[in-house]
Structure formats: C-alpha cells, structure tokens
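Dear colleague,

Please find below the structure that I am handing over to you.

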Amino acid sequence: MNFHGILVPLVTPFHDDLSLNMTALAELTEKLIDSGVTGLVVCGTTGEYYALNEDERKTVLTTVSKIAKGRVTLIAGINDLSTDGAIKRAAQAKELGYEGLMLSPPPYSLPDQQGVYAHYEKVAKSTSLPIIMYNFPARIGIEIEIDTVIKLAEIDNIVAIKESSGSFSRALHLLQMPFKNFEVICGCDDQPVDFFFWGSKSWIAGAGNVFPAEQVAIFNASQKGDWAKAKQIMQEIYPAIYSMESGNYNQKAKAGCLKGTFKVGPVRLPLSNISQQERDEFLALIKP
C-alpha cells in the first residue's frame, strides 16, 4: 500500500433530498485522480460515514473501488462504536478491493489505554490489510497516548498513525521516534509543511476535496526541498483552511469542493447546513 503523498477523505455527495448522488461521486472520484492524489479514503469522517446506512455504505465503497482500483491507493474508513463492528467493516473493505484501513479508537465509550490497545490489536489480528490509526481526540474524546502508539507500532500490519491532535509538539515527538516500518501522517490541515519538514511523507486531508492540486503541489515541493514554494502555496490556501478548522468543517469541504466548482449537495443530520452568508464568506476565501 503506497500512502506517500496526498490522500483525500472523500465527501459523500447527496441530492437535495439527501439521497446518494452516485453520478457526482463517480465524477468527483475521477477528478481527484486526475489532480494527482496518491489515494482516496472512503467512508471517513469527511464522508459522513456515520450518516450512511449499511446499504449506502456498501454502494459508496463499491462505486469508488470500481473506478479507482489500480489507479490510486484505496483506504476504507472502518470506524464503529464497537470493536466487532470495526472487524466486520474491515472484512467488507477487503472483499471490495480496498488496500488499507483507517481506524480511530471507538467513539463515545471512552476506553482506557488498555482498551485502546486491545481494540487495535483485535482488529489487526482479524485482517491482513494494513491499518492506519487515527488520533483525533477532539472528535473521539480520548487520545492514543504516545506509549500506546509505540506498543501498537510493533504490530506488523499497523503501519501508520494519522495525527490530528493539533499539537505539533506531540507530532514532533512522534516524528522523531525511531520507528521501524511505521510512519506518522499529517492529519492537521494547517500543519503539512511542518510535518513534511520533519520527515512525514503523507497528508490525509479533508481539505483535499477543496484544494487537491494545491496540496499535491505542496507535497511535491517539500519532497524537492523547495520550502519557499511549499510555504507560498500554503499561504495562498491557508485562509480557507483556517476557516474550515475553525468550525463547520464538513459543510465547508462540501461547499468548497474543487474550489467551489463542483456541487456535492448538502450534509445530513446531525450536521446542519451552513447559512448562505457563511457559505458565501467561505467561498470568497477560495481564489478562482
């Protein structure tokens, strides 16, 4: 599984009546591939996985796989409230041709670190697919503590962590650890240049729905050591990214899809749609 570069957690397009818009999903998949991204993360948080029923989930995963398999890396989000639920989703992903999995600690239940370790260990033992852990305490309610990350990194098919804590001090600590066959992925849309400077080789970014080509350009510039270029591009897109990180992230990822040129419809409850004023203010931050 190649996850070096930009991996976009796809939004899930809906019609105005909130039904799946599979035509838009197929077209968006093609456009993101054309933009040069390394991979796609399907049924992640930005894809509103929690608002999809099981039939819809399978339809979304199948549609993207049929289009993108063999062209970019395919990763399935397998978050679930239970460990056994995540295991079932891992099996489904493998059956549908996905090459990797992304998994957070189970939300809501607030397990201790022993429970976090056991959660990942059990899922990892159930599948041959590589797993990217997802550390996002602001959403999940707990953190995968550094000592737990170190222990989990010893499991063969746990290959990376998407670090979205927002603490670059924590990220820097992880980036300097002498891991073997384990990597730290940027999961903070406002910190990619910092992550890349310290050796990270991947960025999983919901904002990739908005700025896929720009994010690919930042990654490519960083790999060439052209930090001035990486900084310049980041400065150009930063106002919109700051707005996204400040609130209503998923709504803005949809409103700004492909720099506001591609319609992917509303969000589903429990998210509420942003006002026209907030939408216009956000789109004004995106340069044509």
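Nine aromatic pairs are present in the structure, a pair being two rings of Phe, Tyr or Trp (its six-membered ring) with centres within 6.5 Å; planes under 30 degrees apart count as stacked, over 60 as edge-to-face and the rest as tilted. This is a predicted model, in which local features need pLDDT of at least 70 and side-chain atom pairs count only at pLDDT 80 or more, while totals for chains, interfaces and linings use all residues. Residues are numbered from 1 along each chain as its sequence is written, and side-chain values use heavy atoms, with hydrogens and water left out.

One of the pairs is F196 with F219, edge-to-face at 5.4 Å centre to centre and 75 degrees between the planes. The two residues are 23 apart and link distant parts of the chain, F196 lying in helix α8 (residues 192-197) and F219 in helix α9 (residues 212-223). Helices here are DSSP runs (H or I, at least four residues), numbered from the N terminus. F196 is buried at 4% relative accessible area, and F219 is buried at 11%; buried means under 20%, exposed over 50% and partly exposed in between (1.4 Å probe, protein chains only). Ring pairs join F196, W203 and F219 in a cluster.

F197 is exposed, at 52% relative accessibility, and W198 is partly exposed, at 39%.

S243 belongs to helix α10 (residues 227-245) and is buried, at 13% relative accessibility. Beyond its neighbours within four places in sequence, S243 contacts K252, F282 and L285, where contact means heavy atoms within 4.5 Å.

With kind regards
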